[in-house]
Amino acid sequence: TLAIAQRTLSYFSVLWTTISIDYLLLVLFSIAYYYALHDGKWWHHVILFIVGAYFTFCIETNIVVPLMVCACSILNLNKSHRTAHKPLYIEMAIIVLLYILLYVILIFPHLSSHYDPAHGETTTFIRNAVSILMSQKLLILSIGVFIYRLYKVFVKKCEYDGFSDTLLATSMALLIASFILKLNYPLYYVLPIILSIPALVKELNIDTKKSRIVSIIFLG
């Protein structure tokens, strides 16, 4: 909590960026997604759709979020949430299709460059990725937990968590998309960190000696 708060509050002072609104929208999206997944009340889905659509149109890479949630809902790796997945992937698919349609009609015809000169033209993929990982070390932890969860779910056949694992997978997709576009400002990478919070917290526990050791390593 302290790590995320420090990053978020520091970027609220950067007056030229609207990224702070993205942080708030993504937190609201995560909360709405949790309740839509577990309670499934119609108004949870309405809030999720509105917030998700607004968030998606803020930055180009944000399209990854509804796309991944849609994909994970279609895969339905957690059978206990079977009834919740259909409305989830339908509303996420609508957001994705709406974004693509409007982007192709309103934006794509007017593009003159693939990269903002402040980003992609001034760095390489590898150099940018290493620089970002060194400045946002929580991303390294998120990647480690993602690999660990892949091992637990697909090798050890542990239960897939429809909330935290989906957001973690979405976090990794958003991270890769940002790397591909070579976004070289660390503030953009708080978004995948926010999405990984539920999975990080889930792995931090003191139930067993092994868990305590792993949690201490994580915090370190």
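Trainee: How do you know that H3 has close to its expected span?

Mentor: This is a predicted model, and H3 in it has 15 residues. The expected span is 1.5 Å times one less than the number of residues. For H3 that comes to 21 Å, and its first and last C-alpha atoms are 21 Å apart. So the helix reaches close to what is expected.

Trainee: Which residues of H3 are buried?

Mentor: His44, His45, Leu48, Val51, Gly52, Ala53, Phe55 and Thr56. Each has under 20% relative accessible area, because that is the cut-off for buried.

Trainee: What makes Leu48 a contact partner of Phe29?

Mentor: Contact requires heavy atoms within 4.5 Å. Leu48 touches Phe29, and also Ala32, Tyr33, Ala36, Leu88, Glu91 and Met92. That list leaves out residues up to four places away in sequence.

Trainee: Which residues touch the most other members of the largest nonpolar core?

Mentor: Ile19, Tyr23, Phe29, Tyr33, Leu48 and Tyr189, in a core of 44 residues. Helices H2, H3, H4, H5, H6, H7, H8 and H9 each supply at least two of its residues. H2 gives the largest share, with 9 residues.

Trainee: What does the chain look like as a whole?

Mentor: It has 10 helices and 0 strands. Of its 220 residues, 45% count as buried. Among contacts with a separation of 6 or more, 71% join residues 24 or more positions apart.

Trainee: Why is Val104 called partly exposed?

Mentor: Val104 has 47% relative accessibility. Buried is under 20% and exposed is over 50%, so a value in between is partly exposed. Val104 therefore counts as partly exposed. This residue lies in helix H5.

Trainee: How many salt bridges does the whole structure hold?

Mentor: The search finds 2. Side chains of opposite charge can pair when their charged atoms come close.

Trainee: How do you know that Arg149 forms a salt bridge with Asp165?

Mentor: The cut-off is a side-chain nitrogen within 4 Å of a carboxyl oxygen. The closest N and O atoms of Arg149 and Asp165 are 2.7 Å apart, so the pair qualifies. Arg149 is in helix H7 and Asp165 in helix H8, 16 residues apart.

Trainee: Are Arg149 and Asp165 buried or exposed?

Mentor: Arg149 is at 9% relative accessibility. Asp165 is at 5%. The cut-off is under 20%, so both count as buried.

Trainee: What makes Asp161 and Lys202 a salt bridge?

Mentor: Their closest N and O atoms are 3.1 Å apart. That is within the 4 Å limit, so the pair counts. Asp161 lies in the loop between H7 and H8, and Lys202 in helix H9, so the bridge ties together parts 41 residues apart in sequence. Asp161 is partly exposed at 23%. Lys202 is partly exposed at 38%.

Trainee: Why is Thr61 called buried?

Mentor: Its relative accessible area is 5%, and the cut-off is under 20%, so Thr61 is buried. Thr61 sits in the loop between H3 and H4. Beyond its neighbours within four places in sequence, Thr61 contacts Leu174, Ala177, Ser178, Leu181 and Leu183.

Trainee: Why is Ile216 called exposed?

Mentor: Ile216 has 60% relative accessibility, over 50%, so the residue counts as exposed. Ile216 lies in helix H10.

Notes: Residues are numbered from 1 along each chain as its sequence is written. This is a predicted model: local features need pLDDT of at least 70, side-chain atom pairs count only at pLDDT 80 or more; totals for chains, interfaces and linings use all residues. Side-chain values use heavy atoms; hydrogens and water are left out. Helices (H or I, at least four residues) and strands (E, at least two) are DSSP runs, numbered from the N terminus. Buried means under 20% relative accessible area, exposed over 50%, partly exposed in between (1.4 Å probe, protein chains only). A nonpolar core is a set of buried Ala, Val, Leu, Ile, Met, Phe, Trp, Tyr and Cys residues joined through side-chain atoms within 4.5 Å.
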